[in-house]
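Please examine the sequence and the three-dimensional structure shown below. The report that accompanies them is written for a reader who is new to protein structure.

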Amino acid sequence: MKTLLNIKNVSVHYGKLEAVRDVSLSLAAGETLGLVGESGCGKSSLGRAVLRLGETTGGRVLFDGCDIRSFKGAKLKQFRSQAQVVFQDPFGSLNPRLSVGAAIEEVLFVHGLGKTRATRRTRVTDLFTDVGLNPDWLGRYPHEFSGGQRQRIGIARALALEPKLLIADEPVSALDVSVQADIIQLLKKLQHERNLAYLFIGHDLAVVREMSDRIAVMYNGEIVELGSSDQICDDPQHPYTQKLLSAVPDIDAALRDAE
């Protein structure tokens, strides 16, 4: 498979704090790489660096073979259409003053997709349908939706520009287990249909395993273990991975119910 994302010896500092230390990872088109670790381990900082929402202090991030630090102007705008993010808190990422339809349509307008409002509205309607929501709800506002529905809206907005890569930063951690299962199944379906690559960030190994082809375990800013999902979860080598596994809840029943 073609390598889409190549993270080479990346470090991220906040003042004297080293949040990410010499991390190297790769991600192929259509693959899911899980990035797991406890809060404060540096995984979200790495995700922000991949999106160039935060600058690296060492190393390089290559997207389709190009160093993202070289992107400026139209090239940077194009990159940000190709690499999108799904946030942990869907409510906080939506403008409460815009209807959800207008919020997604705005993304299309800013990036020059859809020459007319009618064309953009058709695209938004299709996106709503794709994520399992009723297009009749496009005129509603974020507070009128449940947490799971808002996350579906966030996913629809992230897909609006037809990206190649989604950074999913704790996308189900704010949801109850049954809703988590629904969102996981939706993400899998969309990946299959669109050949999306996911960098799936989380702290719950059960959820990360369900989503991921490979898993990287992050501790104190470093990758301490990397392997297939089965290897990491069935035969962990690092004590920190073993500790994470000991805290895994059972999500299997909820996932089966959602299928």
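## The model and its conventions

This is a predicted model, in which local features need pLDDT of at least 70 and side-chain atom pairs count only at pLDDT 80 or more, while totals for chains, interfaces and linings use all residues. Residues are numbered from 1 along each chain as its sequence is written, and side-chain values use heavy atoms, with hydrogens and water left out.

Helices (H or I, at least four residues) and strands (E, at least two) are DSSP runs, numbered from the N terminus. Two strands are said to pair if DSSP finds at least two bridges between them.

## An open antiparallel sheet

Strands of a sheet pair through backbone hydrogen bonds, either parallel or antiparallel. Here, 4 strands in the order β2-β1-β4-β5 make up an open sheet with antiparallel pairing.

Strand β1 (residues 3-14) is joined to β2 in the antiparallel sense over 8 bridges, and isoleucine 7 stands opposite leucine 25 in β2. Between β1 and β4, which run antiparallel, there are 5 bridges; asparagine 6 has leucine 62 in β4 as its bridge partner. Finally, β4 and β5 pair in the antiparallel sense over 2 bridges, and phenylalanine 63 has cysteine 66 in β5 as its bridge partner. The hairpin of β4 and β5 has 2 residues between the strands, and aspartate 64 there takes a positive phi near 55°.

Strand β3 (residues 32-36) and strand β9 (residues 214-219) run parallel and are joined by 4 bridges. Leucine 35 stands opposite alanine 216 in β9.

β9 also pairs with strand β10 (residues 222-228), in the antiparallel sense, over 6 bridges. Valine 217 stands opposite glutamate 225 in β10. In the hairpin of β9 and β10, with 2 residues between the strands, asparagine 220 takes a positive phi near 55°.

## Two pockets

On a 1 Å grid over the protein atoms alone, a pocket is an open set of points with protein on both sides within 12 Å along at least five of seven lines, and lining residues have an atom within 4 Å of a point. Grid points are joined across faces, edges and corners, and a volume is the space filled by probe spheres (1.4 Å probe) set on the points. The largest pocket has a volume of about 390 Å³. It is lined by 18 residues, of which Gln84, Val85, Phe87, Val107 and Arg157 are the closest to its centre. β6 (83-86), α3 (100-110) and α5 (147-159) each supply at least two residues of this lining, and α3 gives the largest share, 4 residues. The lining of the largest pocket has 11 nonpolar, 4 polar and 3 charged residues. In this division, Ala, Val, Leu, Ile, Met, Phe, Trp, Tyr, Cys and Pro count as nonpolar, Asp, Glu, Lys and Arg as charged, and the others, Gly among them, as polar.

The second largest pocket has a volume of about 260 Å³. Among its 19 lining residues, the closest to the centre are Ser39, Gly40, Cys41, Gly42 and Lys43. β2 and α1 each supply at least two residues of this lining, and β2 gives the most, with 4 residues. The lining of the second largest pocket has 4 nonpolar, 9 polar and 6 charged residues.

## Buried residues

Beyond its neighbours within four places in sequence, arginine 52 is in contact (heavy atoms within 4.5 Å) with Ile68, Arg69, Ser70, Phe71, Leu76 and Arg80.

Glutamine 191, found in helix α6 (residues 177-194), is also buried, with a relative accessible area of 12%. Leaving aside neighbours within four places in sequence, its contacts are Gly30, Glu31, Thr32, Leu196, Ala197 and Tyr198. In helix α2 (residues 73-82), the buried residues are Leu76, Phe79, Ser81 and Gln82; what covers them includes α1, β4, β6 and β7 (165-169).

Key
Buried < 20%, exposed > 50% of the residue type's maximum accessible area, 1.4 Å probe, protein only.
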